[in-house]
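Dear colleague,

Please find the structure below. My notes on it follow, and I would be grateful if you read them alongside the coordinates.

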Amino acid sequence: MDFGVETRVDFVLCLENDVSLNILLHLNDPADVVCASAVSHLWHQFVVTNEIAKQLCLRKFPQLSRIARITEPDLRVAERKDVESSNSSWETLKRDHNVYASLLQAIETSNSCPSDCIGNAVSASSTDHFPDESIVNTLVSRDRYQNIPSYWSSIGHSDPNAQETLIYKLKTDLCVITEINIQPFEGRPICSAKSVRFRFGHPKSSRDKSDLLHWPQEQPVDDKFIWTYTSEEFPMRQVQLLTLLFPNTGDVICQNCLFTGISHWRRHE
């Protein structure tokens with residue numbers, strides 16, 4: 001009696017690379033990409049080498065095509081080896097595969113916030129007349145709130161090169177930053193900074209992460225974070241609203257990130 005024999009063919013082994021690649025690029029679920037890379041050593045090498053996770057991610061989210069570099073947050077910074085000396089081309093491909101596969105899954109499952117990414121105010125490097133002029137006021141988009149002027153004010157410096165820093169926690173675990181809007185307080189004159197730059201990062205330890213919103217908002221806490229991205233410096237004009245884009249570095253993607261703005265201020269007599 002012939003019960004028949006099921007014939008199994010490894011198409012990655014038998015077909016041309018272009019055909020196999022076309023088949024795997026029809027995967028829809030990010031979990032399927034991970035499963036495909038775990039079928040065998042050959043499949044893992046094929047999926048990673050052909051950057052299938054990256055291609056699927058960019059096909060679904062083309063706005064991420066301007067990613068310039070990938071920085072991996074690591075709370076064990078002191079133990080980290082020199083990336084340039086230790087990472088081969090294959091190690092870089094494997095890292096990118098893991099990042100894009102995770103990114104694809106995170107974007108599809110996260111609750112998106114299409115416009116406003118800033119969630120909570122963490123701290124300011126200094127505050128004049130706390131809490132009336134605290135960093136919390138910067139979360140209000142209007143110059144006045146309940147008929148009271150709403151703005152943050154530093155204590156001021158005699159040094160024209162002194163910097164001020166505002167730190168915020170983002171709303172969701174994953175954000176894609178394409179532009180930042182800044183609204184200086186409309187006084188006389190308009191009190192804008194001379195220039196600003198932005199950093200994104202994460203707490204140095206899990207304890208710092210849990211204590212994040214309990215730190216004094218009027219005191220600097222920069223030393224409690226690892227900053228993984230720093231923008232170029234943007235000059236500011238004395239206008240009511242500025243929109244800053246990221247044309248040279250591409251969009252900034254933040255996962256479990258903190259955001260800080262660093263300003264050089266004009267001195268108003």
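In which loop is the place of Glu51? Glu51 is in the loop between α4 and α5, where helices (H or I, at least four residues) and strands (E, at least two) are DSSP runs numbered from the N terminus.

Before the details, a word on the basis of these notes. This is a predicted model, in which local features need pLDDT of at least 70 and side-chain atom pairs count only at pLDDT 80 or more, while totals for chains, interfaces and linings use all residues. Residues are numbered from 1 along each chain as its sequence is written, and side-chain values use heavy atoms, with hydrogens and water left out.

Overall composition

The protein chain has eight helices and twelve strands. Of its 269 residues, 37% count as buried; buried means under 20% relative accessible area, exposed over 50%, and partly exposed in between, with a 1.4 Å probe and protein chains only. Among contacts in the protein chain with a separation of 6 or more, 80% are between residues 24 or more positions apart, contact meaning heavy atoms within 4.5 Å.

The helices

Helix α3 (residues 30–37) and helix α4 (residues 41–49) have axes that come within 7 Å and cross at roughly 130°. Axes here are lines fitted to C-alpha atoms, for helices over the stretch in contact, and angles run from 0 to 180 degrees between N-to-C directions. The two helices α3 and α4 are therefore oblique to each other; angles under 35 degrees count as roughly parallel, over 145 as roughly antiparallel, 65 to 115 as roughly perpendicular, and the rest as oblique. On the α3 side the contact is made by Val33, Ala36 and Ser37, and on the α4 side by Trp43, His44 and Val47. By class, this contact of α3 with α4 has four nonpolar, two polar and no charged residues. In these classes Ala, Val, Leu, Ile, Met, Phe, Trp, Tyr, Cys and Pro count as nonpolar, Asp, Glu, Lys and Arg as charged, and the others, Gly among them, as polar.

Within α4, the residues Trp43, Phe46, Val47 and Val48 are buried. The buried residues of α4 pack against α1 (11–14), α2 (17–24), α3, α5 and α7.

Leu24 lies in helix α2 and is buried, with a relative accessible area of 5%. Not counting residues up to four places away in sequence, Leu24 touches Phe11, Trp43, Phe46, Val47, Ile52 and Leu56. The C-alpha atoms of Leu24 and Val12, which are twelve residues apart along the chain, are separated by 9.5 Å.

Helix α5 (residues 52–60) packs with helix α7 (residues 89–109) at an angle of about 35°, and their axes are 8 Å apart. From α5, Ala53, Lys54, Leu56, Cys57, Leu58 and Lys60 meet His97, Tyr100, Ala101, Leu103, Leu104 and Glu108 in α7. By class, the contact of α5 with α7 has eight nonpolar, one polar and three charged residues.

Strand β7

Nine of the eleven residues of strand β7 (residues 193–203) are buried, so this strand is largely enclosed by the rest of the structure. Five bridges join β7 to strand β8 (residues 225–230), and the two run antiparallel; strands pair if DSSP finds at least two bridges between them. Arg199 has Thr230 as its bridge partner in β8. Strand β9 (residues 234–235) is joined to β7 by two bridges, again antiparallel, and here Ser195 has Pro235 as its bridge partner.

Backbone points to inspect

Most residues other than glycine have a negative phi, and most peptide bonds are trans. Glu51 has a positive phi of about 50° although it is not a glycine, and Glu51 is partly exposed, with a relative accessible area of 31%.

The loop between β1 (118–124) and β2 (144–145) holds Thr127. His129 has a positive phi near 55° and is exposed, with a relative accessible area of 52%. A cis peptide bond joins Phe130 and Pro131, with omega about 5°. Thr127 is buried, with a relative accessible area of 11%. Leaving aside neighbours within four places in sequence, Thr127 is in contact with Glu133, Ser134, Trp152, Ser153, Ser154, Ile155, Gln217 and Glu218.

With kind regards
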